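Subject: Structure handover

Hello,

Here is the structure I said I would pass on.

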Amino acid sequence: MKRATVLVSALAALSCGPSGSSGESPTYCEINLIVEKKCQRCHTDSGDMDTPFNLESYDEVMDQVMAIELVIERGTMPMQVTMEPPVEPLTAAEKEAILDWIDAGTPQGDCE
Ligand code: HEC
């Protein structure tokens with residue numbers, strides 16, 4: 001019983017430690033710029049390809065955040081298809097920013 005309590009509080013400390021403890025985490029404001037450039041070409045109603053969902057707002061990105069983490073880790077998005085102009089992959093820095101943002105608890109920021 002005691003042990004379980006200790007474990008739970010240790011986990012809580014890990015997942016909600018003071019924000020920015022490991023430097024500045026990006027907010028949705030920065031992530032949105034990447035999504036606009038690298039994802040919205042397809043993930044909108046008028047996109048170049050039919051996609052199962054749009055990525056045009058914080059809420060739409062949040063609905064897919066688990067799947068987004070997976071595709072970033074696996075490197076399967078942006079989908080590599082032959083198009084003109086060519087589909088640009090994410091840079092290492094962009095991938096890192098998205099994963100850091102998810103790790104930090106997807107802060108929305110203040111960019112409106
Ligand atoms: C060239 C077009 C294109 C671009 C650019 C693109 N996607 Fe996709 N994406 C698709 C299509 C098409 C699907 C549907 C795939 C399917 O049904 O198999 C998809 C599906 C997904 C899925 C669902 C999981 C999956 O693998 O099917 C996620 C999550 C996703 N995209 C995230 C992203 C993110 C994040 C970006 C930007 C970093 C991005 N996509 C850029 C075309 C694109």
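This is a predicted model: local features need pLDDT of at least 70, side-chain atom pairs count only at pLDDT 80 or more; totals for chains, interfaces and linings use all residues.

Numbering starts from 1 along each chain as its sequence is written.

Overall fold

The protein chain has five helices and zero strands, giving the pattern α-α-α-α-α along the sequence. Helices (H or I, at least four residues) and strands (E, at least two) are DSSP runs, numbered from the N terminus. Of the 112 residues in the protein chain, 11% are buried. A residue counts as buried if 20 or more other C-beta atoms lie within 10 Å of its own, as exposed if 12 or fewer do, and as partly exposed in between, with C-beta atoms placed from the backbone.

Ligand

There are 20 residues around the ligand, and Cys-39, Cys-42, Ala-67, Met-77 and Pro-78 come nearest. Being near means that the C-beta atom, placed from the backbone, lies within 6 Å of the molecule. By class, the shell holds 13 nonpolar, four polar and three charged residues. Here Ala, Val, Leu, Ile, Met, Phe, Trp, Tyr, Cys and Pro count as nonpolar, Asp, Glu, Lys and Arg as charged, and the others, Gly among them, as polar. Helix H4 (residues 65-74) supplies the largest share of the shell, three residues. H4 is hardly covered, with one buried residue among its ten. Just after H4, Gly-75 has a positive phi of about 75 degrees.

Helices H2 and H5

The axes of helix H2 (residues 28-38) and helix H5 (residues 92-103) come within 10 Å and cross at roughly 130 degrees. Axes are lines fitted to C-alpha atoms, for helices over the stretch in contact, and angles run from 0 to 180 degrees between N-to-C directions. H2 and H5 are therefore oblique to each other (under 35 degrees is roughly parallel, over 145 roughly antiparallel, 65 to 115 roughly perpendicular, and the rest oblique). On the H2 side the contact is made by Glu-30, Ile-31, Ile-34 and Lys-38, and on the H5 side by Glu-94, Ala-97, Ile-98 and Trp-101; contact means C-beta atoms, placed from the backbone, within 7 Å. This contact has five nonpolar, no polar and three charged residues.

Asp-63

Asp-63 sits in helix H3 (residues 58-63). Asp-63 is partly exposed, because 14 other C-beta atoms lie within 10 Å.

Regards

Note on methods:
Two residues are in contact if their C-beta atoms, placed from the backbone, lie within 7 Å.
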